[in-house]
Amino acid sequence: MKKTKNAKLLFFSVVILVFILNVIQGGLTELLPDEAYYWVYSQHMDWGFFDHPPLVAVWISISEFLFSNEIGVRFFSAISFSFLLYIVWKTIDHPKKEEYTWLFLLIILSTALLNVYGFITTPDTPLMLFVALFLYAYKEYLSKKSLSSYLLLAISVAGMMYSKYQGILIVFFVVLSNLRMVRDPRLWLTALLALVLYLPHLYWQWANDFPSFRYHLQERVSNRTYKFEHTLMHFVNMIAIIGLTFPIIYKAFFKNIRTKDTYNRGLNFIIFGFLLFFFFSSFRGRVQAQWIVPISIPLILITYNYLTDREKARKWFVRLAFINIAIMLIARVLMFAEGIVPVKLNTHGNEAWALELQSDTPGQEKIFINSYQNTATYWYYTGEKAYYMKNFTGRNNHFVLLQENEDLSAKQAALVSRIRLDHTDFGTHIRGKDSVFTTVVNDYKDLSQIEIQFTDEEIVLKKNTPNSFDVEITNHFNRTISPTEFEVSIGFIKARKKEKHILKALLQTKSTTIAPGETIKGIITFNTEEIPNPEIFTTLGIGMTNSNKIDIIRVSKLHKYLLKD
């Protein structure tokens with residue numbers, strides 16, 4: 001009894017201390033640019049967003065209801081991380097659990113990337129909480145099959161899917177590890193309940209033409225070729241999410257492979273499944289460390305059971321863990337204490353550059369080119385709404401949905417780019433070698449709500465001759481436009497880098513005006529004498545501009561094409 005009481009005292013004392021440290025860290029550290037982007041989500045609450053499901057915005061909304069400034073984005077993350085610690089601790093049923101409470105705390109608090117979600121708010125923050133809840137519910141299901149275990153499974157599955165789409169991988173790999181689950185009719189009812197809980201998000205996707213699914217499954221990888229460094233980075237990420245303790249933690253995992261225990265088999269499948277899935281994903285493009293961070297919790301559970309019975313390995317782990325924690329603490333200080341070292345981090349200087357740019361562009365509409373992160377950062381730190389515009393190589397994001405059918409035309413607009421252009425008026429330093437460059441445009445006429453699409457999906461070009469294609473021009477503005485207001489071009493995009501080769505084109509239509517919401521037919525013609533190498537520039541699209549001070553923006557989707565003699 002005394003041992004149990006001491007274990008609880010140690011556990012809750014450390015959890016409270018970690019919570020306090022996370023709150024202090026969250027309040028002192030400037031927002032990451034991605035956090036500012038998710039803050040924009042929270043200003044327009046909905047059942048879904050372009051890149052992610054809505055739970056990250058819920059986390060921020062709760063925080064903002066209680067506090068202001070940066071802690072008003074992160075406070076609930078500190079709370080949810082504390083719950084995560086408790087849930088993972090509850091999941092462990094080792095007979096020496098009370099004796100080795102300190103070991104559990106050392107393992108989980110030295111796991112590098114996981115601890116970040118105690119003081120920053122990204123979609124991975126709620127995801128990790130619900131991964132922990134799912135693994136606890138699954139253990140309860142295996143041992144009791146109680147009503148509460150089925151309800152917790154449904155809630156945790158819906159929670160994972162409302163956090164991040166890769167949550168479905170957790171469910172898939174656990175079911176794959178224990179196919180007998182499909183014979184349980186109550187689990188089918190559990191799956192149905194999870195689906196019912198998830199229906200509002202699915203309806204949002206349907207109502208908005210499935211933007212998230214199209215982006216993640218098509219747009220994100222439509223112009224990618226294999227690069228070895230992407231695969232190499234996947235293996236680096238496997239180490240980075242753990243830290244210096246990785247040799248012992250992965251050794252514990254490999255020692256666990258032959259287990260006959262159903263629960264541990266599920267943990268193994270999650271780890272192997274994620275590592276293999278994102279290994280193959282690296283063939284299609286860049287992979288990020290946070291994509292595999294859900295394996296941290298299965299690794300923690302496996303490592304705890306492994307180390308409690310192995311004194312020699314435990315001693316080595318303790319040494320490495322304390323070094324790891326020391327490095328993590330130094331890194332956390334550097335995140336908010338700018339100037340201690342010459343290295344500039346993404347949490348340095350964001351408020352300063354935003355306020356400087358605001359001071360230099362009074363009364364001008366701020367339109368950021370190809371940077372949703374800078375758009376969101378400026379908006380958050382100045383309180384002045386900013387807008388996003390993609391040029392030919394930019395990607396869609398949630399600003400595209402927010403600005404749907406919105407006309408950004410203005411008497412004076414400040415177009416802010418990450419690269420210096422010939423017509424740049426001035427630059428604003430961000431950090432290190434990063435700056436933004438502003439071009440002031442008088443009588444700015446927005447083109448972002450004009451769409452021109454090829455009528456045929458198959459694009460076949462003939463060399464050294466004029467090529468003509470039927471197109472459809474759609475006006476999504478609430479004002480009438482004329483095809484003579486803009487010039488069109490064809491842009492060819494490099495497969496491996498976001499570089500473009502532009503050819504001037506001629507757009508012919510029978511109509512002189514296009515009414516709001518109207519679609520007219522036309523013909524676009526261009527010469528292929530200067531066409532780039534199609535093996536390097538693998539896709540093409542249609543672009544337009546109406547001023548030499550405004551970069552060409554892409555108004556069509558990208559197409560693969562064939563070049564024939």
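This is a predicted model: local features need pLDDT of at least 70, side-chain atom pairs count only at pLDDT 80 or more; totals for chains, interfaces and linings use all residues.
# Salt bridges, a sheet and a nonpolar patch

Residues are numbered from 1 along each chain as its sequence is written, and side-chain values use heavy atoms, with hydrogens and water left out.

**Salt bridges**

- The structure holds 15 salt bridges, each being a side-chain nitrogen of Lys or Arg within 4 Å of a carboxyl oxygen of Asp or Glu.
- Side chains of opposite charge can pair when their charged atoms come close.
- Glu35 has Arg74 as its salt-bridge partner, at 2.6 Å from N to O.
- That pair ties together distant parts of the chain, with Arg74 in helix 4 (residues 71-91) and Glu35 in helix 2 (residues 33-42), 39 residues apart. Helices here are DSSP runs of H or I with at least four residues, strands are runs of E with at least two, and both are numbered from the N terminus.
- Asp51 and Arg395 make another salt bridge, their closest N and O atoms being 3.1 Å apart.
- This pair also links distant parts of the chain: Asp51 sits in the loop between helix 2 and helix 3 (55-66), Arg395 in the loop between strand 2 (387-389) and helix 19 (398-402), and 344 residues separate them.
- Asp51 is buried because its relative accessibility is 3%, whereas Arg395, at 22%, counts as partly exposed.
- Glu311 and Lys315 form a salt bridge too, with 3.6 Å between the closest N and O atoms.
- Glu311 and Lys315 are four residues apart in helix 16, so about one helical turn separates them.
- Glu311 is partly exposed at 48% relative accessibility, and Lys315 is partly exposed at 46%.

- Four strands make an open sheet in the order 6-8-12-11, with antiparallel pairing. Two strands pair if DSSP finds at least two bridges between them.
- Strand 6 (450-454) and strand 11 (506-509) are the edge strands, each pairing on one side only.
- From one strand to the next, the twist averages 35°. Axes are lines fitted to C-alpha atoms (for helices, over the stretch in contact), and angles run from 0 to 180 degrees between N-to-C directions.
- Strand 6 and strand 8 (residues 466-475) run antiparallel and are joined by five bridges; Ile452 has Ile473 in strand 8 as its bridge partner.
- Moving along the sheet, nine bridges pair strand 8 with strand 12 (residues 519-527), again antiparallel, and Pro466 partners Asn527 in strand 12.
- Strand 11 pairs with strand 12 over four bridges, also antiparallel, and Leu506 has Thr525 in strand 12 as its bridge partner.

**Nonpolar surface patch**

- A nonpolar patch on the surface is formed by Phe12, Ile16, Ile20, Ile24, Leu28, Tyr86, Val333, Phe336, Ile340, Val341 and Val343, with about 940 Å² of accessible area together.
- Patches take residues with over 30% relative accessible area and no salt bridge, joining like charges within 9 Å and nonpolar side chains (Val, Leu, Ile, Met, Phe, Trp, Tyr) within 5 Å. Accessible areas come from the Shrake-Rupley method with a 1.4 Å probe, and for residues only the protein chains shown count as cover.
- Helix 1 (2-28) and helix 16 (311-336) each supply at least two patch residues, and helix 1 gives the largest share, five.
- Phe12 belongs to helix 1 and counts as partly exposed because its relative accessibility is 39%.

- An unreviewed UniProt entry lists "transmembrane region" for residues 71-89, 101-120, 150-175, 187-206, 232-254, 266-283, 289-307 and 316-337. UniProt positions follow the numbering used here, feature names are shortened, and annotations may be inferred rather than shown by experiment.
- In the model, residues 187-206 are 100% helix and 0% strand, with 27 Å between the end C-alpha atoms.
- Residues 316-337 are 95% helix and 0% strand, and their end C-alpha atoms lie 32 Å apart.

**An exposed loop residue**

- Asn548 lies in the loop between strand 13 (537-545) and strand 14 (553-554), and it is exposed because its relative accessible area is 71%.
- From Asn548 to Glu351 is 31 Å in space, C-alpha to C-alpha, and 197 residues in sequence.

How values were computed: Buried means under 20% relative accessible area, exposed over 50%, partly exposed in between (1.4 Å probe, protein chains only).
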